Amino acid sequence: MCGIVAYKGHKKCFPILLGGLKKLEYRGYDSAGVACFYNNKINVTRRVGKVKELEEAINDKKSSKNCEGLGIAHTRWATHGEPNQKNAHPHLDQSNKIAIVHNGIIENHEPIKKFLRSKKIQFKSDTDTEVLVQLIGYFYNKGKLNFEQSVRAALQRVDGAYGIVVLNKDHPDMMIAARKGSPLVLGIKDNEFFIGSDVSPIIKHTQRIIYLNDSEMAVIDGSSYDIKSVDKDVSLPKKVEKIDYKIDDFDKGKFKYFMHKEIHEQATTIDNTLKGRTTKDSVLLHGLSEYWEEIQHAKNIYITACGTSWHAGLIGKNLIERFAKVPVHVEYASEFRYNHSIIDNETVVIAISQSGETADTLAAISKANDFGAVTVGICNVPGSSVSRETDCGVHTRCGHEIGVASTKAFTAQISILYLLALKLADSRKTITKSALKKHLAMSNAKNTGQIQIKSLLRKEKAIKKMAEKYQKASDFLYLGRGLNFPVALEGALKLKEISYIHAEGYPAAEMKHGPIALVDKNLPTVFVVPKDHTYDKIISNIEEIRSRKGKIIIVTDSKDKILRDLADDLILLPKTNQYVFVILATISLQLFAFYIAVAKGCDVDQPRNLAKSVTVE
Ligand code: AGP
């Protein structure tokens, strides 16, 4: 995914565009670029690498620094074409009149390129984006269509996904944005307009937002705007929404890394997620009310998601089957969209996504909608595509997550799944009123977020010290059982993503069926060990690794001597119940991965090759 920011107004563009790009950098950081008007020309500056490279280039360029009024900017996560300068956005058409920034993939770029080449148009980059800007330029330069009509004509001929903003040298007072499959929002402040791939570059300037839907375009001309259809020349009525994000969400505060800040925020975010959603004897999830009849009578449930959100889905399956006794299947969205799952109008499909913009998850929702299933979104971003394209849903309310490695969104997702499992169980009468009350009392903030997470965070120094000791390891195994198998998967994913150390999560007992071959004195294995019914079995698994001289790291809430004797290192969590244990163990493994990555000098918030949300298939 890439980040787009654009500005039209009376101010100097660069502080706004660069400030915006810095907020968007989490979406991609292979290259960055800007285009704006200067001396009646569109002036483009692009650099490989992060926004700071671009900033230095602009500071050396009078033409760039002084641009006023209108500009577009982009930070890239490469899909088509290497991350080099010629492939960086913005791209220009052959006549240098039209400039574009684009997020998404133009799937039929090859035949269009062939057609344009036959019209003597030469390409300067390897990107699919250049094909789109050349096509717009081709229509415009033929002279029969105006700027807006040329953009529409080109968009009607492309397949795939796009979020674009386009400038035209002949129209220094105009900017056109359009979306299909890649999010775009328009911010409005008196006579100023801001466009972003999300609200992060806009929120500092205005809270008045229009979310563009697929196949909509925003035509900004002078001091007015019009939201129109890409398919035909008609205006669409659109509501301006007032969003109430906190600007603090987009700053690191006292922390050096967003990921670190977001790990710490879990002491309060879980409370925010749960707040107002329970009484002492019932679960209230108002977002599901309209479809609750269908949801409670579901014949089966599919949970679909990617990455960390998929791990949350595995925990959701365990909880829903445990409490509500409905069969649950958990599928990677990228598989679900093409497989042969049995879905009909008695199926409920739950899509989990932090960003609400993951392309595979959106495709999975669309398939489920086509099959007549009730679709439920569990999502962190109000107004996102997941929120809009599902029948109903619940927002996780943990605040904007910027660190590429997801942390607070995961614990918020599992908190919602816990409530959903209890609500289903209550409606289906598979839980007694007294057991339900006990669970609801347990989900009370005093017992979870506030006290135990804070107490765990106070042990951060010890986790840091332990992480530093293991920074040189080249491989890790993470093992857990039951609810803690997904915790092991998530711990391994965090380590891989930000420290580039190979790590695998496995069900603890399954380790005997293959991964045990990897064990030697150099391989650390992290065991997640709650003091529950799995305890004795896991001890046997630990013995199996130990007898092969593997290093043992144990995450537990038990003070048993047996564990201390078996462990090379041990993270002792506050004593808790099996559900809160999952959250505490996850947070301790987030910290462990974080400190290993910091010790190795890795860029924790912007790990190589990754982007915060993957808006391409
Ligand atoms: C998590 O650390 C990852 N960066 C990634 O696996 C992420 O969870 C996945 O891409 C899904 O994103 P979403 O929740 O925004 O849909």
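How far is an oxygen atom of the ligand from a polar backbone atom of Thr 308? I looked this up first, and the distance is 3.1 Å. I note at the outset that the model is predicted.

**Entry: ligand contacts**

I went on to other polar atoms around the ligand. At Ser 406, a polar backbone atom is 2.8 Å from an oxygen atom of the ligand. At Lys 494, a polar side-chain atom lies 3.0 Å from an oxygen atom of the ligand. I then looked up the cover: the ligand on its own has 410 Å² of accessible area, and the protein covers 92% of that.

**Entry: the shell**

I found 13 residues surrounding the ligand. The closest are Ser 309, Ser 353, Ser 355, Thr 358 and Glu 497. By class, I have eight polar residues, three nonpolar and two charged in this shell.

Which elements give two or more residues to the shell around the ligand? They are α9, residues 307-324, and α17, residues 484-499. I noted that α9 gives the most, with three residues.

I followed the chain on from α9. Lys 325 lies in the loop between α9 and β16, the latter being residues 328-332. I looked at its backbone: Lys 325 is not a glycine, yet it has a positive phi of about 55°. I logged it because most residues other than glycine have a negative phi.

**Entry: helix α17 and its partner**

I returned to α17 to see how it packs. Two packed helices are described by the angle between their axes and the distance between the axes. For α17 and helix α20, residues 578-599, the axes come within 9 Å and cross at roughly 20°.

I looked up α7 and α13 next. Helix α7 covers residues 258-274 and helix α13 covers residues 408-428. Their axes are 9 Å apart, and the helices pack at an angle of about 25°.

**Entry: a cis peptide**

Is the peptide bond from His 89 to Pro 90 cis or trans? I found it cis, with omega near 0°. Pro 90 is in the loop between β4, residues 68-76, and β5, residues 91-92. I kept the entry because most peptide bonds are trans.

Note on methods:
Residues numbered from 1 in each chain as written. Predicted model: local features only at pLDDT ≥ 70, side-chain atom pairs only at ≥ 80, totals over all residues. Heavy atoms only, no water. Near = heavy atom within 4 Å. Polar contact = N/O pair within 3.5 Å; in protein donor to acceptor, adjacent residues only side chain to side chain. Areas by Shrake-Rupley, 256 points an atom, 1.4 Å probe, with all protein chains shown as cover. Helix = DSSP H or I, 4+ residues; strand = E, 2+ residues; numbered from the N terminus. Nonpolar A, V, L, I, M, F, W, Y, C, P; charged D, E, K, R; others polar. Axes fitted to C-alpha atoms, helices over the stretch in contact; angles between N-to-C directions.
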